[in-house]
Amino acid sequence: MSRLAWAPIIERAADIVTSYDIPVTLRQLFYRLVMEQLIPNNLGSYKGLSERTAPLRRTGEFPPLYDRGRNILQPVYFDDPTDAMHALISQYRLDRTAEQDVSVFLGVEKNALAGLLETWFEDLGLPVLPLGGYSSESLDRVVRQRVERDGRPAVLIYAGDFDASGMDIGRNFIEQTDCWEHAIRIGLGEEQIVDLGLPVLEGKPGDSRAPKFIDRHPGIHARCDFGRDERGRRIPVQVELDAVDPPLLRDMFQDAIDRFWDTSVFEAVKVAELAHRNQLTTIAAGLN
């Protein structure tokens, strides 16, 4: 890591962040630099990128990065009743998915990427399910109840890491919830990894799911053979969903959504929503 020429790397990193119109995480930036072969794919380089950009971000010399895990938590408050009324009017919206034939949920393995899904598809009003690893009984129950109350066929569009646990997390969630008319995994898959040239890491040979994962995906393990660990266990591959270019990941989700989404119905709901907002504006004007 000490031999890296960090100045041009940081300059390119800043260009990458500012090229997006969506928030970018440190991990996504790291994998973009790895794919451009500017830094090696190891923990030292990741820490080096973090340590060198953090002080620059604090002084405004490097564009901000997205961190879903840290924020200010405080109840919403208003200056006065008029302020509250205007806030309600600006925030008012209908369930923009209500008139669709199916109920679409967007699932993602990692909490950090859920923020991107919220940003990308906020206008559609689609629910986002960040699993954060293996889902809990409470989340499984809430999802089942939500689907049952809705009454429409439910569709899950899901993306996660390509590794022994990552491939199993989605399967387990689908099996435990058992409420989906269609469950579509849009990534990551072996062909995508090859086509996109995504960086392949060493996985965890101690993962109990590793042997079956290796057996199910012999091709990529033949191309990227990391050998065996000190205990003689074969080392599986691991490819992070964060390595996918964010606009491409957005397109992957959008393409799957388009299979079920009725745009004309959606636009009609937005027209009704605007009419309601105008009614609220008229009511608020009469109260002043």
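I take helices (H or I, at least four residues) and strands (E, at least two) as DSSP runs, numbered from the N terminus. The model is predicted, so that local features need pLDDT of at least 70 and side-chain atom pairs count only at pLDDT 80 or more, while totals for chains, interfaces and linings use all residues. Residues are numbered from 1 along each chain as its sequence is written, and side-chain values use heavy atoms, with hydrogens and water left out.

**Entry: salt bridges**

I searched the whole structure for salt bridges (a side-chain nitrogen of Lys or Arg within 4 Å of a carboxyl oxygen of Asp or Glu), and the search gave 19. I looked up Asp-168 and Arg-171, whose side chains meet in one of these with 2.6 Å from N to O; the two residues lie three apart in helix H7 (residues 164–177), which means that about one helical turn separates them. For burial I used relative accessible area, with buried under 20%, exposed over 50% and partly exposed in between (1.4 Å probe, protein chains only). Asp-168 is buried at 16%, whereas Arg-171 is partly exposed at 39%.

I then turned to Lys-270 and Asp-123, which form a salt bridge with their closest N and O atoms 3.4 Å apart. This pair links distant parts of the chain, 147 residues apart, with Lys-270 in helix H12 (residues 263–287) and Asp-123 in the loop between helix H5 (111–121) and strand S2 (128–130). Lys-270 is partly exposed, with a relative accessible area of 26%, and Asp-123 also counts as partly exposed, at 33%.

Asp-207 and Arg-209 form another salt bridge, in which the closest N and O atoms are 3.2 Å apart; Asp-207 is buried at 14%, and Arg-209 is partly exposed at 31%. I also noted that salt bridges with shared partners join Arg-96, Asp-123, Lys-270, Glu-273 and Arg-277 into one network.

**Entry: nonpolar cores**

I defined a nonpolar core as a set of buried Ala, Val, Leu, Ile, Met, Phe, Trp, Tyr and Cys residues joined through side-chain atoms within 4.5 Å. The largest has 60 residues, and those with the most contacts inside it are Leu-29, Leu-106, Ile-157 and Phe-253. Its largest share, seven residues, comes from H1. For Leu-29, with contact meaning heavy atoms within 4.5 Å, I set aside neighbours within four places in sequence and found among its partners Ala-13, Ile-16, Leu-49 and Phe-62. A second, separate core of 12 residues includes Leu-156, Phe-173, Cys-179 and Trp-180.

**Entry: helix H6**

Helix H6 (residues 137–150) has 14 residues and reaches 20 Å from its first C-alpha to its last, close to the expected 20 Å, where the expected span is 1.5 Å times one less than the number of residues. Which residues of H6 are buried? I found Asp-140, Val-143 and Val-147, and they cover an arc of only 70° around the axis, which puts them on the same side of H6; the arc is that of the directions from the helix axis to the C-beta atoms. The cover over these buried residues includes S1, S2, S3 and H7, while the face turned away from the buried side carries the exposed Glu-148 and Arg-149. Just after H6, Gly-151 takes a positive phi of about 85°.
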